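I opened the model to look up a handful of residues and the overall build. My notes follow in the order I took them.

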Amino acid sequence: MSNPTAPADAAQLKDIVAHAKEYGFVFQSSEIYDGLAAVYDYGPNGVELKNNLKRLWWEAMTQLHDNVVGLDAAIFMDPRTWEASGHVAGFNDPLIDNLDSKKRYRADVLLEEKAAEYEKAGDPARGAALTAEMGRLLTANDLAGVRQLIINEDILCPVSGTGKWTEVRQFNLMFSTQGSAVDSDAPPVYLRPETAQGIFVNFLNVQKSARQKIPFGIAQIGKAFRNEIVARQFIFRMREFEQMEMQFFVRPGTEGAWYDTWKAARRRFHEAVGLSPAKLRFHDHDKLAHYAKAAVDIEYEFPFGFKEIEGIHSRGDFDLTQHQTLSRKKQQYFDADIDPGTGKAYGNYIPFVVETSVGADRLFLATLCEAFAEETITEGEGEAQQTKTRTFLKLHPALAPIKAAIFPLVRKDGMPEKAQQIFDDLRFDFRVTVEEKDAIGKRYTRQDLIGTPFCIVVDGQTLEDDTVTVRDRDTRAQTRMPISALRAYIAEAVSFRRIFEKL
Ligand code: GAP
C-alpha cells in the first residue's frame, strides 16, 4: 500500500529543516558559534542539488535560446551604479518597533500576514482590500498612514502581545564596506543587492561582442546581499543569497508581448522541474518597485503559505536611461530593421527591458518541499508483516544529488569487486556511489532519504550472467537488467532533455 503525501502546514517545515541538516543539504552558517542569522551553508547533497538547479536554469536560458547569452559580473561595482539604479534612495523596507518587546518588524509584512489571516478565515475580499490600501499608502510613502493602518487593524506584537508601536521608518537594505584602503573619505562600495545592474552596465559590451540583435537577453547567476529585517522561514529570506536573472532587451512598444511570453515560459519551467501546477500561482504586485512598469510574482505554496519564488518585471528603459545620465555614456542601440509604418529603419533608441529574476535558494527550498514525501508501506509476509512510514525525496532524477547507488548484496564471493567495477565505469558519466555497510533495506532507506533515484544490487546471479537488479526509488519496484544496459537506462532518466522538452 502506498500513500505519498506532501507536507501541508508550517509544523512540517520543521521536519524539512531537520531533514536538510541531517542529510547534508543545508546547515546554519557558523553553527558552532550559535549561527549567523539568515545566512546558510549548503552541505554535500545540498550543493549538488543547487548546482543541478542552477545548471538547468542556465542551459534553459543560454542553450535553448540562441538570443540569450551569459555573463558573470563582479559583486562590487562603482557606487554610482546604485545611485543610478535608485537603490541608494529607494531600496528601503518600512520598519516598525514594538515598544514593549523591543522587537523590530517589517510594517508591510505585518499587514500582509493580517490579510492572509482574513483570506484563511474565508474573507478574501477583506484581505484584498487591506493589501490594496497598504499598497496605496506605501506608493505614496505615507508612513504615518501605514502605522495607523496597523493600529486600526489591531495588529499586536506576537512577542509582547501589545499594540504599542513606534513610528514607521524606512531602512535601506544594502550592505556596504570600505572601498579604498588609502582614502578614508572614499565612498563606500556596496555588496550588490541584485545581479541585474551588472547586466545593465555591460549591455553594450555584450551586445557588440556577442553580435546580438534586438530582441536578445543576458543571463547571469550570482550572489546578492540584502540586510533583511525579517529573516525567517529558513532559506526563504536570507541576507546572502543567489539570484538567477535574465534581462531581455526589446524594441519599445513590444515589451507587453514579451512580458506575457516570459511570464508563461517561466511558469512552464517551474512545472517542468517538478513543482505541482496546483502549488504555483501568479500574483500581480500591489506596489510596484521604483523601476517597474508591470510586475508579477510566481508564487509557490510552501508549508508556510504561497510566497514569491520569481519576479517578472517590465522595467521599461529606466535602468539604461539612468546609467546613460549618470555615466554620460550613450546606452543606445541602432536598430537597422525597417519600421513598416514609416518605411525607414527604427534607428537609435534605448531598449526596453523585460526581466525574469528567480532566487536559486527559493527554488531549492520549493524543490525540497515538493520532494519531501512520506508514505505508509507494508513489508514482509505472514506473521512478519509490518506497516511503517517511509520518508523519501521524490526529486526529479535530473536534480538528484546522486544518480545511482551500487550495493554488493554481501561483502564476499566477489560481489564487492563487481560493484566496484560497475562504479568505475558509471562514474565517468554520473555521480554514483558504492555502499557495502548494513543490511540492504537500510541501504535503500539511506538513499531514499537523499533522493537517489536508482539502487543497483549485485547478487549471486550477477556473478553468473552479468545482470543486476535496479530498484526504483518511487515505486520500490526492482527490474533485472544487464550491466551493459545500465548507462543508457540511467542516462535517459537523468537527462535534462526530458525537462527541456516540456519548456
Ligand atoms: N532584479 C530584480 C530583483 O532583484 P526581487 O523581486 O527583489 O527582484 C528577485 O528579487 C528574486 O530574488 C525573488 O523572487 C527571490 O526569489 C529572490 N530573493 C530576493 N530576496 C531574497 C532573499 N532575501 N533571500 C532569498 N532570496 C531572495
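I looked up D34 and found it exposed, at 74% relative accessibility. I take exposed as over 50% relative accessible area, buried as under 20%, and partly exposed as in between, with a 1.4 Å probe and protein chains only. D34 sits in the loop between β1 (26–28) and β2 (40–42). Helices (H or I, at least four residues) and strands (E, at least two) are DSSP runs numbered from the N terminus. The phi of D34 is near 75°, a positive value in a residue other than glycine.

This is a predicted model, in which local features need pLDDT of at least 70 and side-chain atom pairs count only at pLDDT 80 or more, while totals for chains, interfaces and linings use all residues. Residues are numbered from 1 along each chain as its sequence is written, and side-chain values use heavy atoms, with hydrogens and water left out.

I then checked R476, which also is not a glycine and has a positive phi of about 65°. R476 lies in the loop between β22 (467–472) and β23 (478–482), and is partly exposed with a relative accessible area of 27%. I noted a cis peptide bond from I214 to P215, with omega near 5°. P215 is in the loop between α9 and β9 (216–225). For reference, most residues other than glycine have a negative phi, and most peptide bonds are trans.

**Overall build.** I counted 17 helices and 23 strands in the chain. Of its 503 residues, 50% are buried. The C-alpha atoms fill a box of roughly 75 × 65 × 55 Å along the principal axes. The accessible surface comes to about 23800 Å², and 50% of that belongs to carbon and sulfur atoms; the areas are from the Shrake-Rupley method with a 1.4 Å probe, and for residues only the protein chains shown count as cover. Among contacts (heavy atoms within 4.5 Å) between residues at least 6 apart in sequence, 66% join residues at least 24 apart.

Which residues of the largest nonpolar core touch the most other members? In this core of 62 residues I listed F25, V26, W57, I235, F302 and F364. A nonpolar core here is a set of buried Ala, Val, Leu, Ile, Met, Phe, Trp, Tyr and Cys residues joined through side-chain atoms within 4.5 Å. Helix α12 (residues 360–371) gives the most to this core, with 8 residues. At least three residues come from each of domain 1 and domain 3. I also listed the contacts of W57 beyond four places in sequence, among them M244, E245 and V358.

The unreviewed UniProt entry places "binding site" at R106, E194, F241, E242, Q243, M244, E245, E355, T356, S357, V358 and G359. These positions span 254 residues in sequence, and the farthest two C-alpha atoms are 25.9 Å apart, so they do not all gather at one spot. UniProt positions are in the numbering used here, feature names are shortened, and annotations may be inferred rather than shown by experiment.

I picked out E355, in strand β16 (residues 352–359). Is E355 buried or exposed? E355 is buried, with a relative accessible area of 1%. Its side chain makes a polar contact of 2.8 Å with the side chain of Q247. A polar contact is a pair of N or O atoms within 3.5 Å; within protein, one must be able to donate a hydrogen and the other to accept it, and residues adjacent in sequence count only if both atoms are side-chain atoms.

**Single-residue checks.** N52 is in helix α2 (residues 44–62) and is buried, at 9%. Leaving aside neighbours within four places, N52 is in contact with A398, L399, A400, K403 and F496. Last, I looked at N202, in the loop between α8 (196–200) and α9 (203–209). The side chain of N202 reaches the backbone oxygen of G198 at 2.9 Å.

Technical notes. Domains from an automatic or database assignment.
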